[in-house]
Amino acid sequence: MVLTEVTNELQTMFDNARRVAVLTGAGISAESGVPTFRGGGDSSIWTWRGRPVTELSSAELIASNPTLVWEWFDYRRGMLLDLQPNAGHYALAQWERRFEEFTLITQNIDDLHRTAGSLNMLELHGNIWRARCLRCRSTFEARECPLEQNPPLCLACGNAARPDVVLFGEMLPEGIFERAEEASARADLFFVIGTSAVVYPAASLPIVAKQSGAKVIEINPEETDISFLVDVTVLGKAGEILPQFIKERG
Ligand code: OAD
């Protein structure tokens, strides 16, 4: 079913749900001004100093030139500094307080869900404001932008650290995908919001949910690779659609 707004039937599904899981992608942050990777918009930022993002955010480059990787991340952090969560992020933070179980799974590293007040979050691809020691692997907040020290040094052992994000050619952090899979399998209602659903393993989560019996609702201005599988696609912007579920109805 393809809709353009939250109908009474959809609202009833939402109101009756007990265990909800949500997968978000770059599209939830689009209305805050964060560029998406795909699906229209300005993709010029994904080339920097003549290098594509796949090379800049890669396991190879962090091994050979961590300073350059940090310069690239500093540039991206600089773009995020003044951005604020939008109505979609805030709605999800409110949803969390309504259900018996609620898990927010995000592919985004921008931290806007946390800023909006979400608590129970699985950040599949890490967080751009965190660093991880290249030697002892401990993680710590690194919010200074621009960085005073490049690479920043581990607070525990003093060794160089890297951004605590998943780079191209790397696995997801240990255990996190398993937790996301578990939440998806337990959900009776699963939302897939603002993701083109082409990057795996994240894109397999709506499939897991569907196979485990959940109703799956997609929210995106465009149909995607996952639209064929979902029960409902709501064509629209996250910041406009998500608040409709918690709007007082007269
Ligand atoms: P994409 O950039 O692939 O997809 C963004 C999706 O958001 C598209 O389907 C758009 O139609 C949709 N969209 C745009 N504006 C929207 C709005 N206002 N409301 C709702 N949806 C909107 O982003 P992801 O699927 O998140 O990985 O990309 C997945 C991964 O690809 C990223 O996490 C990143 C990248 O490689 C890593 O960096 C490891």
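Ala, Val, Leu, Ile, Met, Phe, Trp, Tyr, Cys and Pro count here as nonpolar, Asp, Glu, Lys and Arg as charged, and the others, Gly among them, as polar. The model is predicted: local features need pLDDT of at least 70, side-chain atom pairs count only at pLDDT 80 or more, and totals for chains, interfaces and linings use all residues. Residues are numbered from 1 along each chain as its sequence is written, and side-chain values use heavy atoms, with hydrogens and water left out.

**View 1. The largest cavity holds about 40 Å³ of space.** A cavity is a set of points, on a 1 Å grid over the protein atoms alone, where a 1.4 Å probe fits but cannot get out; lining residues have an atom within 4 Å of a point. Grid points are joined across faces, edges and corners, and a volume is the space filled by probe spheres set on the points. R19, V20, A21, E101, F102, T103, A183, R186 and A187 form the lining. Five of these residues are nonpolar, one is polar and three are charged. β2 (19-24), β5 (101-106) and α7 (176-186) each give at least two lining residues. Helices (H or I, at least four residues) and strands (E, at least two) are DSSP runs, numbered from the N terminus.

**View 2. The second largest cavity holds about 30 Å³.** Its lining includes T106, N108, D110 and H113. The largest share, three residues, comes from α6. The lining divides into two nonpolar, three polar and four charged residues.

**View 3. The second largest pocket has a volume of about 300 Å³.** A pocket is an open set of grid points with protein on both sides within 12 Å along at least five of seven lines. Of its 17 lining residues, R132, D164, L172, P173 and E174 are the closest to the centre. β6 (121-123), β7 (126-133) and β9 (161-165) each supply at least two lining residues. By class, the lining has eight nonpolar, one polar and eight charged residues.

**View 4. The ligand is surrounded by 22 residues.** The closest are F37, R38, T195, S196 and N220. The shell has eight nonpolar, ten polar and four charged residues.

View 5. A polar side-chain atom of R38 lies 2.5 Å from a ligand oxygen. For an N or O atom in the side chain of H125, the distance to a ligand oxygen is 2.9 Å. A polar backbone atom of G194 sits 3.3 Å from an oxygen of the ligand.

How values were computed: Near = heavy atom within 4 Å. Polar contact = N/O pair within 3.5 Å; in protein donor to acceptor, adjacent residues only side chain to side chain.
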